[in-house]
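Let's walk through this model together, one feature at a time.

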Amino acid sequence: MRLSQFHLATVKEVPADAEIASHRLMLRAGMIRRLASGLYTWTPLGLRVLRKVEQVVREEMNRAGAIELLMPAVQPKELWEESGRWDKFGDQLLKIRDRKDQEFCFGPTHEEVITDFARNELKSYKQLPVNFYQIQTKFRDEIRPRFGVMRAREFLMKDAYSFHLSSESLADTYGAMYQAYSRIFNRLGLTFRAVQADTGAIGGNASHEFQVLADSGEDAIAFSDGSDYAANIEKAEALASSAARPAPHAELKRVDTPTQKTIAQVSAFLGVSPRQCIKTLLVRGRDGLVALCLRGDHEINEVKVSKLPELSGEPVLASEEEILAATNTRPGFIGPVGLPADIPVIVDRDAAALADFVCGGNADGTHYTGANWERDARVSRVEDIRQVVEGDRSPDGHGSLHIARGIEVGHIFQLGPKYAQALDATVLDDQGKSQVMMMGCYGIGVSRIVAAAIEQSHDEAGIIWPEAMAPWRVAVCIINPKHSPEVRDAAEALYRKLEQHGIETVLDDRGLRPGQMFADLELIGIPHRVVVSERGMAAGTLEYRNRGESDNRAITEDELFTLLA
């Protein structure tokens, strides 16, 4: 490829709303152009990178035995009603009508469509297991699209769906997909972790996320320094304190805290550590309010709480009016001592290990000191309801937890019979009996991987691509091509030779000044840069620089081919 014949449009300035490095650099490098909120055109340069990622994904899916197909992006309402997700999926589901006023959606995912395909195509256990996949555009109507293609409304995704007669078969394919995903991200040169995760809106019994580690990541992940344990912070279990709860020593006392409502204010006012305080949250439950109690230095884990039987999903804080009606107390002074008997008290494991603690006094402007469980405050049940923190014991018993930021680029699920049962997708088993199929679901954000790679590897000059993702592996630069035919001919010859050896090369024959030429190539992240010049030709060398290095070095042509081998 010759850059003089390619559309390369780098820019210096980017919009102010480009908040993260990948968004800024993809715009500056000319990889994407914004059409509307959350909608982007992939330029020829961006598409080269996107196709590199897509090809690695396709090769590894094929290697793992998955079979490629392509399903419609527009899906009928009736299928989503069968699965029960037409209303449950939420506002991210873009609903549309055709000229006959029939309702459809632009697919954010394809569980319903693939299950409909399977119930019509698969009739016998002899056809199982089978794993279908596609690489296709999805649309999710994000309330606030941001970060460029990282959180766009339209995006490219690989989604695969497997069908099985047994849980054991599903587990085997799930394991194969886990390995395939690991190979994909290793081949793409990404530093990642596979973490246990919540199944979320997709549902199912088990799942793992694949997180590219980057400081700008929206997700927090917890991992052990003593084992390979890793989990999304929403999923990570917080173990109970290893120490038994001390016996009560202090007397329960009510103290005035006229304006002190927060843990920070109360602990400073009373001269105690936040660790020795209990925070009590009242949330709406299935049958009234529910009290959640945790240590003052800990935060609630909404995913864990949403699974409590007393709640009906995502926790919603009670309003001030509800709290006042139930406790005669305003927010800021609520505590477990003396709560009405009809309010269940769910206590976090670490909070349950405290004695002589400080808590709200259930009267405006007051708190209790010297409070103790059982003696002063009842406990309906002890549960793990908090976020893990740096230094917690690893749930597997090996090492301590550390917290890192990650960008989710892949997610695999063991769905079980959820969708097949809803859509009556069955096959005949070896006894001739109809049996609902088990399903697995495996997604990769192909376009998101591009942004995640940039977040993980860039500098002030621009992108530093892993070689497997770079638009070209090598750039051959001609200095003053019009004024030096010998230099031009030598560069052309080197370019052709590299191409003949199967090394993907771009020839920068645009005739730019060296500074501007090099700045462009560093911005778009070409891994290897070779300069052909009169001085180098006289010395029998080429000027070489690796994108990850700061200095040039003189090498021979033979050394270049050895380096690139």
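**Reading the folds of the chain**

Q: How many strands form the open sheet that contains S15, and in which order do they come?
A: Four strands form this open sheet, in the order S14-S15-S16-S19, and their pairing is mixed. At its edges are strand S14 (278-285) and strand S19 (381-383), each pairing on one side only. Direction ignored, neighbouring strands here are turned by 30° against each other on average. Axes are lines fitted to C-alpha atoms, for helices over the stretch in contact, and angles run from 0 to 180 degrees between N-to-C directions.

Q: Before we go on, what kind of model is this, and which cut-offs apply?
A: It is a predicted model: local features need pLDDT of at least 70, side-chain atom pairs count only at pLDDT 80 or more, and totals for chains, interfaces and linings use all residues. Residues are numbered from 1 along each chain as its sequence is written, while side-chain values use heavy atoms, with hydrogens and water left out.

Q: What holds strands together, and what counts as a pair?
A: Strands of a sheet pair through backbone hydrogen bonds, either parallel or antiparallel. Two strands pair if DSSP finds at least two bridges between them. Helices (H or I, at least four residues) and strands (E, at least two) are DSSP runs, numbered from the N terminus. Here, strand S15 (residues 288-295) and strand S16 (residues 345-348) run parallel and are joined by three bridges. Val347 in S16 is the bridge partner of Cys293.

Q: Is strand S11 largely enclosed or left open by the rest of the structure?
A: Start with the term: buried means under 20% relative accessible area, exposed over 50%, and partly exposed in between (1.4 Å probe, protein chains only). In strand S11 (residues 219-224), five of the six residues are buried, so the strand is largely enclosed by the rest of the structure. S11 runs antiparallel to strand S20 (residues 401-416), with six bridges joining them; Ser224 has Leu401 in S20 as its bridge partner. S11 and S12 form a hairpin with five residues between them.

Q: Where does Ala176 sit, and is it buried or partly exposed?
A: Ala176 lies in helix H6 (residues 167-187). Its relative accessible area is 30%, so Ala176 is partly exposed.

Q: Which residues have the most contacts inside the largest nonpolar core?
A: In soluble globular proteins, nonpolar side chains tend to be buried together. A nonpolar core is a set of buried Ala, Val, Leu, Ile, Met, Phe, Trp, Tyr and Cys residues joined through side-chain atoms within 4.5 Å. The largest one here has 71 residues, and those with the most contacts inside it are Met26, Met31, Tyr181, Phe185, Ile449, Val450 and Trp465. Leaving aside neighbours within four places in sequence, the residues in contact (heavy atoms within 4.5 Å) with Phe185 include Leu190, Phe210, Val409 and Ile444. A second, separate core has 27 residues, among them Leu69, Ile114, Ala118 and Tyr161.
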